[in-house]
Every structure is written in structure tokens, then in C-alpha cells.
Amino acid sequence: MAAQLIDGKAFAARQLAGITAEVASLPFQPGLAVVLVGEDPASQVYVRNKARQTVQVGMRSFEHRLSGDISQDELRRLVQQLNADPAVHGILVQLPLPKHLDAEQIIAAIDPAKDVDGLTITNAGLLAAGQPGLVPCTPLGCMLLLEDVLGDLTGLHAVVVGRSNLVGKPIAQLLLAQNCTVTMAHSRTRNLPALCRDADILVAAVGRAELIKGDWIKPGATVIDVGINRVSGADQKSRLVGDVAFEEAKNVAGHLTPVPGGVGPMTIACLLRNTLTAAKRQHDRFDV
Ligand SMILES: NC(=O)c1ccc[n+]([C@@H]2O[C@H](COP(=O)([O-])OP(=O)(O)OC[C@H]3O[C@@H](n4cnc5c(N)ncnc54)[C@H](OP(=O)(O)O)[C@@H]3O)[C@@H](O)[C@H]2O)c1
């Protein structure tokens, strides 16, 4: 039987409508600052989209486009200014940064209360400890999709392929918090196909085009494909594919996210959701 496709675009649109309504009801306007260093074309597209959607939900967008040769100190000073600016509730430094800059140090300079990408050690620690913080956007988006499709995840075996701080690790923490039994796989994992075949929920966050084949998937499993890989087809035109071999998987899985149109649209929606959460917390903290 063909898998039911998980429509991330439609789900994200519903999320954005909810955020817009909530922003309109606030007595203040949340603000998101996005910092872009250099000329990376993909990052420029992401930043443009983020700024457009920030304004569309009624928030203020502060864009900082900096020259690729900015120094570590100058960039850190900008982050500190944004930390101190009461109109800015969320700060996102677009990654990757140019090689001469130390991204870890810059992320560490962001006030955890404004870290809407959820990348500071403080927010990673809060997530691991099961305490409220700010959760990385793509993992949060994956969880919202999973809960929408499956409801209660208790007792399900989730296999997460990929262990990055940005995607794999936070997704595993979120699944664990929802009472899944979680297995994490990575490039050194032995017999990956058999491991995947045991998953009720299979999350692929690898960055290897169509690594996960149809016969690695348990019939009826829910498959979340985080991967975004650009490949060139037989016609020499480039297209985006995920980490899952979609045409094979759709005959086996119960539910499946397409690429594009699955997890991708959820990321910006969750960034704005995090900005709203951060703004409300900051406002509550000072409004006594
Ligand atoms: N949809 C979105 O909005 C969104 C957001 C972020 C990322 N992404 C996409 O998600 C993918 C993963 O991103 P990332 O930042 O997590 O990537 P990453 O930092 O490169 O991490 C990749 C992970 O995959 C593992 N891996 C690599 N080859 C493997 C193999 N053959 N078998 C099993 N595991 C393997 C690596 O294992 P080791 O740790 O052992 O090296 C690593 O843990 C990329 O395609 C990225 O573009 C999408």
C-alpha cells in the first residue's frame, strides 16, 4: 500500500496562521534579528525567506548583512548589542560562517533566552535535562509532524540516523522525552539496514542522497526525511532529494515526508514559533 505523504507545507502554513494570530494579540511586537556574514548564495536565500516570513507573521525583522572579512571581535560585539536590545527577542546567526570565524564562540555569545536556533550549550543542556529552553527548529518541526500523524509516541522504537548537534541529537532527546525507545545511528554504526528495519519511527538526518532504501524500512513505519541533497538527474538538471530513496520508500512506509515539502517548510515556522516563545518569556520577565 502506498504511504501517506506528510504535507509539511500545509502543516507549516497552519502553524504560521496560529503564530500570526497570537502575535496580533500581544501588547508588544516580537523582533527577530538575523545575522548573515558573507555572500554564500544558499544562506542569502534562507535569510531572505526568514526575513519575509518574519514580517508576514507581524514580527519585526532586523537584518544584519556583514562583509565576509568581518573579524571575530566585531561579530561578537554585534551579538552583544543584539543581546542588549530590548526590541530584539530572537537572534539567529546564519551558519556556516566563513572559515576564519569561530562559530562555536559566536554561538556561545548569544543570550540563551534569545537563542531561537537552540544551539547554545545552555539550551542543549536544558533539552537534555528535560527542562524548558529553546529547541532547535528542524528537530522541533519533525516532532510536531510526528505528533500530528501518530499522536501518542509512547513505547515506539525510534531510530535516528545522524548525530549532529543541530539535528540528530536534539531529535533523539525530543523522542526520548515523548517516551520513545531511541536508537541513534551514525557513520560507524554496524548493520544499519537491519537497525532501520526495526524502527517504528525512522528519522534520516545524514546528508547522503537516498542512502536509506525501501527494504531498510519496516512496513507501515513513519519515515521523517530531514536530508536535503542536490543531485543532477539524467537530464542534467539539478533537483533536491532526501536521505531516503523516496520512490522505494513510498511503497513500504506508512507515513513519509517528501523532499522538498516535508520537513523543510517546518524549519522557518518553528523559528518563528521559538521567537514568539522567547518574546513572551522576556516580556513576562520584565513586565512585573
Ligand atoms: N530540512 C531542514 O530544514 C534541514 C535543516 C538542517 C539540516 N538539514 C539536512 O539534514 C541533513 C543532515 O544535516 P546535519 O547538519 O545533521 O549534517 P552533519 O552535521 O553532516 O551530520 C551528518 C550525520 O550523518 C552521519 N552519517 C554520515 N554518513 C553516514 C552513513 N553512511 N551512515 C550513517 N550515518 C552517516 C554522520 O555520522 P558521524 O557523526 O559518525 O560522522 C553525522 O552524524 C543534511 O542533508 C542537511 O542539509 C535539513
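What volume does the second largest pocket have? The second largest pocket has a volume of about 490 Å³. This is a predicted model, in which local features need pLDDT of at least 70, side-chain atom pairs count only at pLDDT 80 or more, and totals for chains, interfaces and linings use all residues. Residues are numbered from 1 along each chain as its sequence is written, and side-chain values use heavy atoms, leaving out hydrogens and water.

**Pockets**

- A pocket is an open set of points on a 1 Å grid over the protein atoms alone where a 1.4 Å probe fits, with protein on both sides within 12 Å along at least five of seven lines; lining residues have an atom within 4 Å of a point.
- Grid points are joined across faces, edges and corners, and a volume is the space filled by probe spheres set on the points.
- The largest pocket holds about 1,500 Å³ of space.
- It is lined by 50 residues, of which Tyr46, Thr138, Ile228, Gly264 and Thr267 are the closest to its centre.
- H2 gives the largest share of this lining, eight residues.
- In the second largest pocket, 18 residues form the lining, and Leu119, Ile121, Ala124, Asn165 and Leu166 are the closest to the centre.

**Sheet**

- Helices (H or I, at least four residues) and strands (E, at least two) are DSSP runs, numbered from the N terminus.
- Six strands form an open sheet in the order S1-S11-S8-S7-S5-S6, with parallel pairing; two strands pair if DSSP finds at least two bridges between them.
- The edge strands, S1 (4-5) and S6 (181-185), each pair on one side only.
- Gln4 has His255 in S11 as its bridge partner.
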